[in-house]
Amino acid sequence: MEILKIVGIGIITTIVIIIIKQIKPEFAVVALISGVIIMLYFIFSYFGNVLNVFNQILNKTGVNSELFGIILKIVGVGYIIEFGASICADSGNPAIADKIILGGKLLILVLAMPIITNLLDLIIGLIP
């Protein structure tokens with residue numbers, strides 16, 4: 001199972017980081033990022049399957065594919081923000097992590113504007 005690989009890599013990365021912190025603390029962040037990149041490789045192997053399912057849903061429902069693309073961008077931004085903020089927080093920089101999260105929230109709001117305007121147009125269209 002893939003999840004066992006991901007968890008195993010996570011545990012091994014944690015052990016390596018603990019050992020490296022005792023010897024050369026400045027390389028602990030490099031070990032952290034390396035472990036996370038390896039885990040993301042396994043995680044993203046499922047991403048194509050998810051996109052295929054969403055594509056089938058779009059074809060069956062007739063939902064505007066442009067709006068669906070925006071939703072995928074928002075989800076992607078959310079994951080990237082969480083990844084970046086976690087690395088900054090884990091390396092002892094919570095203030096930078098907070099700024100990444102703030103910037104990400106603003107970016108998500110900007111990306112969501114077309115969805116919000118389409119929803120408002122739909123509501124206005126329903127009002128007699």
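## Contact of helix 2 with helix 4

In this predicted model, Leu32, Ile33, Val36 and Leu40 of helix 2 meet Phe83, Ile87 and Asp90 of helix 4 (contact means heavy atoms within 4.5 Å; helices are DSSP runs of H or I, at least four residues, numbered from the N terminus). By class, the residues of this contact are six nonpolar, no polar and one charged (Ala, Val, Leu, Ile, Met, Phe, Trp, Tyr, Cys and Pro count as nonpolar, Asp, Glu, Lys and Arg as charged, and the others, Gly among them, as polar).

## Packing geometry

The two axes lie 11 Å apart, and helix 2 packs with helix 4 at an angle of about 155° (axes are lines fitted to C-alpha atoms over the stretch in contact, and angles run from 0 to 180 degrees between N-to-C directions). Helix 2 is therefore roughly antiparallel to helix 4 (angles over 145 degrees).

## Largest pocket

The largest pocket has a volume of about 670 Å³. On a 1 Å grid over the protein atoms alone, a pocket is an open set of points where a 1.4 Å probe fits, with protein on both sides within 12 Å along at least five of seven lines; lining residues have an atom within 4 Å of a point. Grid points are joined across faces, edges and corners, and the volume is the space filled by probe spheres set on the points.

Of the 21 lining residues, Leu40, Ile43, Phe44, Tyr79 and Ile80 are the closest to the pocket centre. Helix 4 gives the most to the lining, with 11 residues. The lining comprises 17 nonpolar, two polar and two charged residues.

## Basis

Residues are numbered from 1 along each chain as its sequence is written, and side-chain values use heavy atoms, with hydrogens and water left out. Local features need pLDDT of at least 70 and side-chain atom pairs count only at pLDDT 80 or more, while totals for chains, interfaces and linings use all residues.

Conventions. Helices (H or I, at least four residues) and strands (E, at least two) are DSSP runs, numbered from the N terminus. Angles under 35 degrees count as roughly parallel, over 145 as roughly antiparallel, 65 to 115 as roughly perpendicular and the rest as oblique.
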